[in-house]
Amino acid sequence: MTEWTKEMWQEFCTFYKGKKVLVTGHTGFKGSWLVRMLEEAGAAVTGYSLEPPTDPSLFYVAGLHNTMDSVIGDIRDLPHLMEVFERTQPELVFHLAAQPIVRDSYKDPVYTYETNVMGTVHVLECIRKNPCVKSFLNVTTDKVYENREWEYGYRECDPLDGFDPYSNSKSCSELVTHSYAKSFFADGHTAVSTSRAGNVIGGGDFANDRIIPDCIRAATAGREIVVRNPYSTRPYQLVLEPLAIYMAIAMKQYEDLNFQGYYNVGPDDRDCVTTGELADLFTAAWGGGIMWVNRYDGGPHEANFLKLDCSKIKKTFGWSPRYGVKEAVEKTVEWTKDYLAGEDMLAVMDRQIKEFFREERYHV
């Protein structure tokens with residue numbers, strides 16, 4: 001829906017210009033893209049996060065540390081986080097800081113719960129004590145739902161009960177947010193929402209144990225791509241898709257409390273593909289005759305089938321996905337090849353953001 005993106009970008013630039021925004025987890029993959037979108041819309045952005053979780057990282061590759069107020073800190077450190085809130089007096093807060101990897105949550109469940117649950121408590125406590133905040137969005141995951149491996153997409157009213165420590169900790173983060181919203185923000189002073197997004201792909205994701213970064217590492221090294229579970233079905237979308245909706249939710253609820261709530265954000269059903277199908281799309285986009293091989297390793301428990309019902313957010317915001325999964329993979333490959341060629345990656349990010357919001361839509 002080209003008109004949605006064009007009109008929404010105009011609204012963003014009008015609304016966010018000069019707004020003070022705090023983003024937790026700003027050094028991560030999604031956080032870095034969100035920071036740049038907010039900056040392009042005119043916001044004054046402060047970030048609070050650990051050092052980037054990967055080396056290289058999108059945050060430093062694009063030079064974002066030079067464009068914003070970047071604070072390196074641990075979300076578990078409440079006094080430090082409170083100091084940042086008191087100094088910057090943000091009007092809007094996006095909470096992305098998390099331990100996001102399922103397999104890592106099995107290796108260190110305590111750290112995962114400390115970060116994903118108590119980290120959320122700390123952010124909400126800072127908001128409670130700083131009335132400057134008018135709009136808060138907690139970014140969680142599609143994995144918060146009790147997964148019954150059924151065919152239809154999960155709705156916002158379905159039970160929350162993630163299985164593995166990562167998914168479960170994000171379910172807990174949702175419940176913490178619901179409690180604070182009802183206990184402390186019921187007077188309407190601060191609008192509160194959560195957003196449950198599916199898997200995202202895009203340029204600059206250097207994480208371990210994610211299918212597209214694994215494909216890129218293998219392709220650049222000239223190795224065959226090893227796929228550990230080619231049969232699991234996931235909703236994949238370009239990283240800019242959910243970030244645009246995050247910005248829309250935070251903006252709309254700032255202006256009208258009726259927009260606050262819980263929102264699924266995911267691609268259309270046709271873009272829920274198996275990991276093997278995603279690897280096929282990648283090898284086609286990359287070219288050069290690269291191949292992938294099935295090395296199913298059993299691994300720790302992960303849901304095999306997971307899909308969201310996104311009818312609520314489509315109805316509320318008039319939104320539909322900008323790109324399909326094929327285009328999302330192509331945009332990722334395009335970014336990566338520019339990076340390997342030594343291009344100015346901040347300019348590449350800006351170009352892809354501009355294309356997302358302004359060029360004619362070609363996903364039909």
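Strand 9 (residues 233-238) pairs with strand 11 (residues 272-274) in the antiparallel sense over 3 bridges, two strands being taken as paired if DSSP finds at least two bridges between them. Helices (H or I, at least four residues) and strands (E, at least two) are DSSP runs, numbered from the N terminus. In this pairing, threonine 233 stands opposite threonine 274 in strand 11. The structure is a predicted model, in which local features need pLDDT of at least 70 and side-chain atom pairs count only at pLDDT 80 or more, while totals for chains, interfaces and linings use all residues. Residues are numbered from 1 along each chain as its sequence is written, and side-chain values use heavy atoms, with hydrogens and water left out.

Strand 9 also pairs with strand 7 (residues 199-201), here in the parallel sense and over 3 bridges. Isoleucine 201 has leucine 238 of strand 9 as its bridge partner. Together these elements form an open sheet of 3 strands in the order 7-9-11, with mixed pairing. Strand 7 and strand 11 each have a single partner strand and stand at the edges, so one side of each is left without a neighbour in the sheet. On average, and with direction ignored, neighbouring strands of this sheet are turned by 50° against each other; axes are lines fitted to C-alpha atoms, for helices over the stretch in contact, and angles run from 0 to 180 degrees between N-to-C directions.

Strand 9 is mostly covered, with 6 of its 6 residues buried (buried means under 20% relative accessible area, exposed over 50%, and partly exposed in between, with a 1.4 Å probe and protein chains only). In a regular strand the side chains alternate between the two faces of the sheet. Both faces of strand 9 are covered: Thr233, Pro235 and Gln237 are buried on one side, and Arg234, Tyr236 and Leu238 on the other. Helix 9 lies across strand 7 and strand 9, and runs at about 70° to strand 9.

Helix 9 (residues 240-255) also packs with helix 2 (residues 29-40), their axes coming within 10 Å and crossing at roughly 55°. The two helices are therefore oblique to each other, given that angles under 35 degrees count as roughly parallel, over 145 as roughly antiparallel, 65 to 115 as roughly perpendicular and the rest as oblique. The crossing of helix 2 and helix 9 is right-handed, a term used if the near helix is turned clockwise from the far one by less than a right angle, and left-handed if anticlockwise. Lys30, Trp33, Leu34, Met37 and Leu38 of helix 2 meet Leu240, Leu243, Ala244, Tyr246 and Met247 of helix 9, contact meaning heavy atoms within 4.5 Å. By class, this contact has 9 nonpolar, no polar and 1 charged residues (Ala, Val, Leu, Ile, Met, Phe, Trp, Tyr, Cys and Pro count as nonpolar, Asp, Glu, Lys and Arg as charged, and the others, Gly among them, as polar).

Tyr246 is also among the contacts of serine 195, a residue of strand 6 (residues 191-197). Serine 195 counts as buried because its relative accessibility is 0%. Not counting residues up to four places away in sequence, serine 195 touches Leu137, Asn138, Val139, Thr140, Thr141, Tyr246, Ile249, Tyr263 and Val265.

Strand 1 (residues 20-24) and strand 2 pair in the parallel sense over 5 bridges, with leucine 22 opposite threonine 46 in strand 2. The loop between strand 2 (44-49) and helix 3 (58-61) contains proline 56. The peptide bond from aspartate 55 to proline 56 is cis, with omega near 10°.

Glutamine 89 is not a glycine, yet has a positive phi of about 50°. With a relative accessibility of 31%, glutamine 89 counts as partly exposed.

Valine 176 is placed in helix 7 (residues 165-184) and, at 16% relative accessibility, counts as buried. Residues up to four places away in sequence aside, valine 176 touches Val117, Thr120, Val121 and Leu124. Valine 176 and methionine 118 are 58 residues apart in sequence and 9.0 Å apart in space, C-alpha to C-alpha.
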